[in-house]
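Hi everyone, thanks for coming.

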Amino acid sequence: MPLLVFEDIWKSYQVGPTVLDVLKGISITVEKGELLAIVGPSGCGKSTLMNIIGLLDKPSSGSYHIEGEKIGYDDDRILSSIRNKNIGFVFQQYYLLPRLNALDNVGLPLAYRNVPKTEIADRSMEYLKRVEMQDRAYHKPDEMSGGQQQRVAIARALVGKPTLILADEPTGALDSSTGQDIMNLFTKINEEEGVTVIIITHDLKIAAQCRRSLKMIDGRICE
Amino acid sequence: MILGANLKEALTSLTTAKQRTILALIGIVIGIGSVIGMISIGAIVQNEALKQFKEMGIDIITVRQDSGNTGKGGSFRLDTIRELPLHVKDVKEVAPYINSSVSYGQGRKTEGIEMMGVTETFFRINKLRIKEGRQITDLDENRYFCVIGNGAANILRKFGIAQPMGSQVALGQRIYTVIGVIDKVPEGGGMRPYGLNNAAIIHISTAKRTFQSPDINVFLARVGTEQKSAQLKQSIGDYFTFKARGLRVNVQTAEELIEKMQAQMRLFTLLLGAIGSIALIVGGIGVMNVMLISVTERRKEIGIRRALGAQQSDIQSQFIIESVMLCLVGGLIGIILGTFVSYLFAYFTKWEFVVSYMAIILGFGVATAVGVFFGYYPARTASRMDPIKALRS
């Protein structure tokens, strides 16, 4: 069974009197364990696509299945729960909470699952080790470099053992060598953990390192 | 989300934005502080008023001639009053008295002294304690002897009589010998006649000869418990209707007075509480304001949390906990402050300080309620935010 199935997804916005179609009938199938890049210039709608894949936004029409389950958009609790358990987000700007140290940041997704405190700390530390950030466990985000923050963010995405990692321009704010390190980390995670990784980027060099890449132009996929 | 983590979160968030937190705290401290202060002061006043009854006992009644009688020459006769215990069994003792104000001193510097004409029983019924000398007895009939109150003794000292006991004082055209001084009695409330501390107490027979209006309008009585108060009132009323040609009387029992006073006190406390509540509402609006700012400032955080899987209810409870915590800290300081203010009140009035535990429990309860009530709207705003818009901000 494929992990994700997109069928004829449209997303339109009403801008004044005109209707603006951002996604124009996107159909994708993503298998488990894939390392997939979605590339396209800015403004092609890839962020909107990512928001829909990540259940942060809902399509105007079309259907979306995750592991065979059709997504209904009327119950926010179910959407939140799927985000919490099945999806790990990695953002361009890392989006760590500035008041929490690395360990607590990593543990956040587990905190919303009523996992006991000590277990949260243990598992968070385990995943910090996996991204080689255990030395910085008690540092706050502003005491870390961009690359280090992104590693912590990846640990946070992994800690809940999701089936899908959704990365939106994960190397966009990093210099090329740090960016490459992060890319290597994604490849490693994909191979070692078997977790599906979808990377959204405008960088063709990044896309070239993924086993499959989809080009997106003007709201459409052209493989 | 685990409550402990939420509490820690709230604490960090509040301590990070210190200035804002302090501003909101001030509002809530003043609000809770004034409610607690006002209620505690109410409790102190009530305690003080009831103390008079505790001291004097509640077996005392006051009998006045009804105001409807005035002008018809109807007033009590001394012997009719004195014979009352013989006819109404439950009346154990009676203490009729008349009073008249005189000024003591010369020229512009004068002080008011309350002259009271009494019988022997007056001292016992009013539980007056003799500090020096002796009390007035019925053997002092028609004699110019007086027993003075503590305040009156001080007035005499001010006018150069170093030892009031045994001295001769001119009061309202007559000269009296001071044969006793009584201890200070608490003023206000209770069944005691007003102004005992500044009184010069003489025998009622002397008073009837010297006072300008020698009518007896009121007397105190000590009663037993055999009859219900309604029956007792009836018996006393009947007695005077029969003996004094239809003289109507008005009997007031200590119980009634206590009830009346307590009703007044409740009203007083309610009023004070209401005044405090206004401050509390203003404080609560301050909390809401601060929470709204906090929500706006933390939009991105809310977006991140939502993306990581926080439910709307998680976000809502996070902010409500923060607001309740703010209010509880403010409430605690407010309770301390309010209690301190009521302590100062007790200190300066020299009344007994009582801590109203009701007020303290109420304070914590109200603080929590204010936190939930004024935190609800900001928390709901936070939880209803669109995660994408929140993330982009």
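Before I count anything, a quick word on terms: a helix here is a DSSP run of H or I with at least four residues, a strand is a run of E with at least two, and both are numbered from the N terminus. And please keep in mind that this is a predicted model.

Okay, chain B. How many helices and strands does chain B have? It comes to twelve helices and ten strands. Now, is chain B compact or spread out? Its radius of gyration is 32 Å, while the globule rule gives 21 Å for 393 residues, so chain B is more spread out than a compact globule. You can see that in the C-alpha trace as well, which spans about 100 × 50 × 35 Å along the principal axes of chain B.

As for burial, 41% of the 393 residues in chain B are buried. And if you take the contacts in chain B between residues at least 6 apart in sequence, 83% of them join residues at least 24 apart.

Let's zoom in on some strands of chain B. Strand β2(B), residues 91-106, runs antiparallel to strand β9(B), residues 218-223, and six bridges join the two. One pair to find there is Y97(B), whose bridge partner in β9(B) is V218(B). β2(B) also pairs with β3(B), residues 109-118, again in the antiparallel sense, this time over ten bridges. Look for I98(B) there, standing opposite G117(B) in β3(B). And what sits between β2(B) and β3(B)? Their hairpin has two residues between the strands, and G107(B) takes a positive phi near 60°. While you're looking at strands, here's a handy rule: in a regular strand the side chains alternate between the two faces of the sheet.

Over to chain A, which has an open sheet of four strands, in the order β2-β1-β4-β5, with antiparallel pairing. Which strands are at the edges? Those are β2(A), 18-30, and β5(A), 69-70, and each pairs on one side only. β5(A) pairs with β4(A), residues 61-66, in the antiparallel sense over two bridges. There, E69(A) in β5(A) is the bridge partner of I66(A).

Next, where the chains meet. The contact takes 19 residues from chain A and 17 residues from chain B. On the chain A side, the elements giving two or more residues are α2(A), 76-86, and α3(A), 102-111. The largest share comes from α2(A), with six residues. By class, that side of chain A has eight nonpolar, five polar and six charged residues.

Last stop, the nonpolar cores. The largest one has 111 residues, and A155(A) and I198(A) have the most contacts inside it. Which helix gives the most to this core? That's α2(B), residues 18-56, with 15 residues. Apart from this core lies another, of 58 residues, among them L156(B), F219(B), I236(B) and V218(B).

Methods:
Residues are numbered from 1 along each chain as its sequence is written. Chains are lettered from A and ligands numbered from 1 in the order in which they are written. This is a predicted model: local features need pLDDT of at least 70, side-chain atom pairs count only at pLDDT 80 or more; totals for chains, interfaces and linings use all residues. Two strands pair if DSSP finds at least two bridges between them. Two residues are in contact if their C-beta atoms, placed from the backbone, lie within 7 Å. Ala, Val, Leu, Ile, Met, Phe, Trp, Tyr, Cys and Pro count as nonpolar, Asp, Glu, Lys and Arg as charged, and the others, Gly among them, as polar. A nonpolar core is a set of buried Ala, Val, Leu, Ile, Met, Phe, Trp, Tyr and Cys residues joined through C-beta atoms within 7 Å. A residue is buried if 20 or more other C-beta atoms lie within 10 Å of its own, exposed if 12 or fewer, and partly exposed in between; C-beta atoms are placed from the backbone. The radius of gyration is taken over C-alpha atoms; the globule rule is 2.2 Å times the number of residues to the power 0.38.
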